[in-house]
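Work through the exercises below with the structure in view. Try each task before reading its solution.

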Amino acid sequence: MAHARRRIWGWYFFDWASQPYSTLLLTFIFAPYFSEVARARFMAEGMDATAAGAAAQSWWATGLGLSSIVVAFLAPVLGAVADISGRRLVWVWGFSALYIAGAAGLWRLTPEGGELVWALACFGLGFIGMEFATIFTNSLLPSLGPRQRIGEISGSGFAFGYAGGVLALAVMLLFLAEGAATGRTLIGLEPALGLDPASREGTRAVGPFTALWYAVFMLPFFLWVREPPAVHRGVRLGAALHSLGAFVASLRHRLSLAAYLGSSLLYRDALNALYGFGGVYASGVLGWSVVQIGVFGVVGAVTAAVASWLGGKADGRWGPKPVIVASILLLTCVCLLIVGTSRDSLFGQPLPPGSRLPDILFLICGALIGGAGGALQAASRTMMARHTAPDQATEAFGLYALSGKVTSFIAPALIALVTTLSGSQRVGIAPLILLFLAGLVLLLWVKPDGEERAVS
């Protein structure tokens with residue numbers, strides 16, 4: 001019993017260790033800093049402020065989309081290879097190295113903006129490492145406990161991970177990330193370790209800090225988590241591809257799984273885009289600083305931690321499907337509010353000059369995105385676990401990653417396209433509403449209890 005609890009806690013530590021990539025880099029610190037740097041560079045090249053903001057958002061969307069394409073096409077194959085070989089943890093080690101190298105490389109993006117392509121490449125490398133490591137870690141979920149406890153374990157893992165994200169974000173805001181105007185952190189200090197605020201070294205340290213955080217806090221995972229008993233057969237690509245082909249072919253007889261993969265393909269794409277563009281939106285539309293966006297991130301991460309834990313409890317009692325439906329509906333309403341809010345108007349109605357209502361509303365949106373998004377991710381992981389078996393879980397979660405990434409370039413691409421055509425970052429968020437609603441419709445064909453049998 002003690003060994004089983006320690007194994008579960010070791011598994012939780014992956015979420016704790018890896019969450020800062022999403023919290024600090026994808027959403028609240030590096031993404032808006034990249035937007036600031038890119039916008040300043042484009043304005044120096046002659047663009048006006050609106051066009052420069054739209055161009056910065058398009059660059060970020062393109063980089064994120066290309067990284068997602070790599071994950072989409074390799075995830076199912078790697079998952080099948082891992083299941084055939086009977087080994088998963090060795091893959092976690094390998095992709096952890098990409099995570100660390102990519103995050104550390106972000107230090108080179110200086111305020112002059114001469115390293116935009118390098119920054120996107122490093123971000124993409126770390127993003128790919130994080131996503132692939134997550135696939136192999138998620139595949140261990142069905143072996144962590146009995147079926148009726150999987151939802152609670154998944155929700156608690158996400159809650160623990162978000163708590164780690166909150167702590168990491170707090171450290172950045174209090175001691176490292178400086179405001180562009182003041183050169184001071186949130187509590188009025190100069191960046192720690194003698195970092196130069198004029199060169200934005202405090203904010204740029206987010207990359208190395210994220211890499212170090214992951215390296216340290218993955219130690220419990222590697223010390224306490226052992227793979228389920230399996231026959232190690234070596235890497236056999238041909239057998240893996242045959243198994244993957246059989247898995248995909250079986251979908252025509254498995255309506256619930258096929259519908260769920262299609263649904264999650266859409267709503268997780270929209271959710272990831274909300275995470276990826278929230279900070280960019282706050283910077284470009286509302287003019288928030290990196291420090292302000294970081295505070296916004298703390299609010300979102302705290303609500304995500306609480307909602308993930310509560311969502312896990314609800315999942316354990318009523319199953320994952322009601323949690324998924326409620327979360328999608330809430331996130332759709334949030335998108336409508338974001339599209340309707342600008343610095344000087346609310347759904348077309350003018351606001352008084354200097355009104356703080358847009359800031360308050362976006363802060364509320366951040367709390368809702370964090371809460372609903374955390375519960376949605378935890379319940380989604382549970383629903384996938386209900387559609388597979390432990391000995392085929394990596395292949396199944398590889399296809400799950402494919403369903404989350406094969407069109408993940410679509411949301412960033414649509415945002416980039418609509419932003420470019422409309423010239424408005426606010427209107428550019430609108431396609432996410434359709435993605436959420438389409439995912440909700442497909443859930444009609446998903447069995448609440450998933451499927452008992454293994455993939456054949």
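The exercises that follow concern a predicted model.

**Exercise 1.** Determine how helix α2 and helix α5 are oriented to each other.

Solution. Two packed helices are described by an angle and a distance, both taken between their axes. Helix α2 covers residues 30–44 and helix α5 residues 116–138. Angles over 145 degrees count as roughly antiparallel. Therefore α2 and α5 are roughly antiparallel to each other. The crossing of α2 past α5 is left-handed.

**Exercise 2.** Find which parts the salt bridge between Lys-313 and Glu-152 ties together.

Solution. The closest N and O atoms of Lys-313 and Glu-152 are 3.3 Å apart. A salt bridge needs a distance within 4 Å, so this pair forms one. Lys-313 lies in helix α12 (residues 290–318) and Glu-152 in helix α6, so the pair ties together parts that are 161 residues apart in sequence.

**Exercise 3.** Classify Asp-359 and Arg-343 as buried, partly exposed or exposed.

Solution. The side chains of these two residues, Asp-359 and Arg-343, meet in a salt bridge with an N to O distance of 2.8 Å. Buried means under 20% relative accessible area. Asp-359 has 8%, so Asp-359 is buried. Arg-343 has 28% and is partly exposed.

Note on methods
Residues numbered from 1 in each chain as written. Predicted model: local features only at pLDDT ≥ 70, side-chain atom pairs only at ≥ 80, totals over all residues. Heavy atoms only, no water. Axes fitted to C-alpha atoms, helices over the stretch in contact; angles between N-to-C directions. Helix = DSSP H or I, 4+ residues; strand = E, 2+ residues; numbered from the N terminus. Parallel < 35°, antiparallel > 145°, perpendicular 65-115°, else oblique. Left-handed = near helix turned anticlockwise from the far one by under 90°. Buried < 20%, exposed > 50% of the residue type's maximum accessible area, 1.4 Å probe, protein only.
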